[in-house]
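User: I'm new to this one. Can you walk me through it?
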Amino acid sequence: MSLTGLIALGGARDRVVETREHRLALADFAEGGSLSGEFDALEGRSVILHVRDMALAAAALIDLDGWARRIVLCPPGWGPEQLESAARDAEAEAIVHDRLVAPIDLPIGAICALPLRNASARVRALATEWVLPTSGTSGPPKLVVHTLATLTGAIADAPRQEWATMYDIRRYGGLQIFLRALSGLGSLRLNGPEESLEDFFTRIGKAGITHISGTPSHWRKALMSGEAGRIDPDNIRLSGEIADDAVLAALRDQYPRARIEHAYASTEAGVAFTIGDGRAGFPAARLDETGQVQLRVVDGALRIKSERRALRFLGRDTPIADRQGFVDTGDMVELRGDRYVFVGRRGGIINVGGAKAHPEEIEAVINAHPAVQASRVFARKNPITGAIVVADVVLHPGAGSQIGLEREILEACRGRLPAYMAPTRLRFVPELPMTEGGKLLRNG
Amino acid sequence: MSIRLTILKELEAVAAEQQKTLAPLKDDLPLMESGLDSLCFAILVARLEDILGVDPFASVGASRFPTTVGALVTFYERAEA
């Protein structure tokens, strides 16, 4: 079934996908489109989708699913170099754009606009490939092929849910929420980069959203902004980064009524599991379970076998899974008691004179200090040990004297971590850099 | 504060933070017998770079690294000069 079919199934009355700039009424798709004019030329094509506003991206996705052969969901910040690399790998014949971002030269160019214009109904019967770039930080983007079936595999029937997300819907985590909203019975409200957190939380508070998602970095920012109290959700979802005990506890304090869940997913492996017990990590017993999603820990890294995994990479021969069908996530886990906790990325290790430290594991200890809102641990080059551990820290407003706190936080780290892992110096900063995907920027 | 005093003060601070027992500091005390491990020295060098603005370890060959407390002080004094 295509996306238009899914929407029709849930009933489209009153349902919207809304950014600050645009309001896309789902009912209007019955006799309208965002790409009218050039729409016919896109049938069966491989299409680069590159628009700035997320409501436009949503409209184009609904229009193109089942109609185009392939859609490449490009993040709005991409420049010509990344677009051209993606167009090559995806053998793209067309680009859908909004005139705001510079298009690249492809045989067919179509403009996506809202509100929807009148268009005759179409049969959208192709099994469209949905192509997502992985959020690698350097080098050309890796393109991962999904279908609507693999993307919606983790979505169960649910009563009406009014969704909001701080994610971009062109990233796996945001796309999950987009598809959840569309295959459910409610609406979706989105936060573009032009809209302040204050305005967004005011808007979704008034709309009465019941479900909201974001990365732990998004949530730390929201909690820090003082705007978090403008919403009263039933359900809070974190994904995309390690949810540590501190951020889970802070959310519990802020939203005592809400169900707080952290999900584990990767663009390649799909949604693996959702944990709702308020604690970081996942029960080790999960490894013994069979069924749709199987987990395995190999050399300290989590591997996932799932029917929701991506089909393949585009433009490269690397297989997406090992011979038994398990995807190596590169996320390192450690068994503590009856639970596995995430300790960091395989490539993100800091080597202190031969001893290995995961930044995320140290950040979890720093973040546990009540005065700390967020932190970023990184390596400082050192002539003696190769590297030492240092950290940037964002304090809660009115947290107190920085000198006293530096000593206190460093002592807490030395008490809870091996000596080489404890930061040797803290720097207090007003905010931490984030990627477009809403994750902490690691090498910025 | 003189370079000598700065280094002696930071040696003591790092030893205290890392819970190491520092041997009585005198110029001919070998660094290896000071009670500090390589992590302590790594931290010391980073601190001194922040305070003094120089990291002489990064600019000379490893063979000329100082081996005593006195040589360490001279090492920094030369780099500063």
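Predicted model: local features only at pLDDT ≥ 70, side-chain atom pairs only at ≥ 80, totals over all residues.

User: Okay. How many helices and strands does chain B have?

Analyst: Chain B has three helices and zero strands. Along the sequence, the pattern reads α-α-α.

User: What is the radius of gyration of chain B, and what would a compact globule have?

Analyst: Chain B has 12 Å. A compact globule with 81 residues would be near 12 Å, so the value for chain B agrees. The C-alpha atoms of chain B fill a box of roughly 30 × 25 × 20 Å along the principal axes.

User: What percentage of chain B is buried?

Analyst: Buried residues account for 25% of the 81 residues in chain B.

User: And what about contacts within chain B between residues at least 6 apart in sequence?

Analyst: Of those, 60% join residues at least 24 apart.

User: Switching topic. How many residues of chain B are in contact with chain A?

Analyst: Eleven residues of chain B, in contact with ten residues of chain A. On the chain B side, eight are nonpolar, two are polar and one is charged.

User: Now helix α2 of chain A. Is it mostly covered or uncovered?

Analyst: Mostly covered. Helix α2 of chain A spans residues 54–64, and eleven of its eleven residues are buried.

User: Which residues are buried there?

Analyst: They include A:M54, A:L56, A:L61, A:I62 and A:L64. A:D63 is also among the buried residues of α2(A).

User: What about A:G66, which follows α2(A)?

Analyst: A:G66 has a positive phi, near 85 degrees.

Key. Residues numbered from 1 in each chain as written. Chains lettered and ligands numbered in written order. Contact = placed C-beta atoms within 7 Å. Nonpolar A, V, L, I, M, F, W, Y, C, P; charged D, E, K, R; others polar. Helix = DSSP H or I, 4+ residues; strand = E, 2+ residues; numbered from the N terminus. Rg over C-alpha atoms; globule rule 2.2 N^0.38 Å. Buried ≥ 20, exposed ≤ 12 C-beta atoms within 10 Å, placed from the backbone.
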